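Hello,

Here is the structure I promised to pass on to you. Have a look at it first, and then read on for what turned up in it.

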Amino acid sequence: LAYVAVQEPTGRLFLFEYLQPGASLNSWRRMVSVNTFLIGNDEEMARQGIGKVMDLYVAQWGPNVKNVQRQKLPTGDEGFYGELTVGEGAIAEDIAVVIRRIGVFAVVIMNQKRGGTLSADEKFSTHSILSLIEAPAAP
């Protein structure tokens, strides 16, 4: 399952989901979620706001979030990596998440596995996304 949410500057939200042919929304085992939303009118405002976005996600996840790491990125921005588990039993989801700024948008990428745990390699790959995405140069 792939899920993408994009918020336009007007506030309108677009959601995109992709399931493999024959798959059911209720029976997914692997999902990558990408959420983007506007966090400032200019890059400086967005740069200052990304920490607040990270704080909101950590507060929302509460005690489920673990291995929280904030790091300074080569662009000078702050990036966030965390791991959490939500739900119980067969529908428990093991999640690795990265949050960072691209332009005036916050980007939240979650690698999710239901009914199992993410491997160390899957967590490392998710964490490495922070260094792969370069913020675009200001116009």
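Which side chain does Arg 101 meet in a salt bridge? The partner is Glu 43, and the N to O distance in this pair is 3.2 Å. Please keep in mind that this is a predicted model.

Arg 101 has another partner to look at. Its side chain makes a polar contact with the side chain of Asp 77, at 2.7 Å. You will find Asp 77 in the loop between strand S4 (65-72) and S5. Is Asp 77 buried or exposed? With 0% relative accessibility, Asp 77 counts as buried.

Asp 77 also forms a salt bridge with Arg 47, where the closest N and O atoms are 2.9 Å apart. This pair links the loop between S4 and S5 with helix H1, across 30 residues. Arg 47 is partly exposed, at a relative accessible area of 31%. Put together, salt bridges that share partners join Glu 43, Glu 44, Arg 47, Asp 77 and Arg 101 into one network.

The whole structure has 9 salt bridges. One of them brings together the side chains of Glu 122 and Arg 30, at 2.6 Å from N to O. Here the two residues are 92 positions apart, with Glu 122 in helix H2 (residues 120-132) and Arg 30 in strand S3 (residues 30-38). Glu 122 counts as buried at 18% relative accessibility, while Arg 30 is partly exposed at 32%.

Now for the nonpolar side of things. In soluble globular proteins, nonpolar side chains tend to be buried together. In this model, the largest nonpolar core has 16 residues, and Ile 50, Val 53, Trp 61, Val 97 and Ile 99 have the most contacts inside it. At least two core residues come from each of helix H1 (43-61), strand S5 (78-86), strand S6 (93-102) and strand S7 (105-114). H1 gives the largest share, with 6 residues. There is also a second, separate core of 8 residues, including Leu 73, Ala 96, Leu 118 and Leu 130.

Leaving aside residues up to four places away in sequence, Ile 99 touches Ile 50, Val 53, Met 54, Tyr 57, Gly 79, Phe 80, Val 107, Val 108 and Leu 130.

Finally, the overall picture. The protein has 2 helices and 7 strands, and from the N terminus on they run β-β-β-α-β-β-β-β-α. Along the principal axes, the C-alpha atoms fill a box of roughly 45 × 30 × 25 Å. Of the 139 residues, 37% are buried. Among contacts with a separation of 6 or more, 52% are between residues 24 or more positions apart. The exposed surface comes to about 7,900 Å², and carbon and sulfur atoms supply 58% of it.

Enjoy exploring it!

Best wishes

Key: Residues numbered from 1 in each chain as written. Predicted model: local features only at pLDDT ≥ 70, side-chain atom pairs only at ≥ 80, totals over all residues. Heavy atoms only, no water. Core = buried A, V, L, I, M, F, W, Y, C linked by side-chain atoms within 4.5 Å. Buried < 20%, exposed > 50% of the residue type's maximum accessible area, 1.4 Å probe, protein only. Helix = DSSP H or I, 4+ residues; strand = E, 2+ residues; numbered from the N terminus. Contact = heavy atoms within 4.5 Å. Polar contact = N/O pair within 3.5 Å; in protein donor to acceptor, adjacent residues only side chain to side chain. Salt bridge = Lys/Arg side-chain N within 4 Å of Asp/Glu carboxyl O. Areas by Shrake-Rupley, 256 points an atom, 1.4 Å probe, with all protein chains shown as cover.
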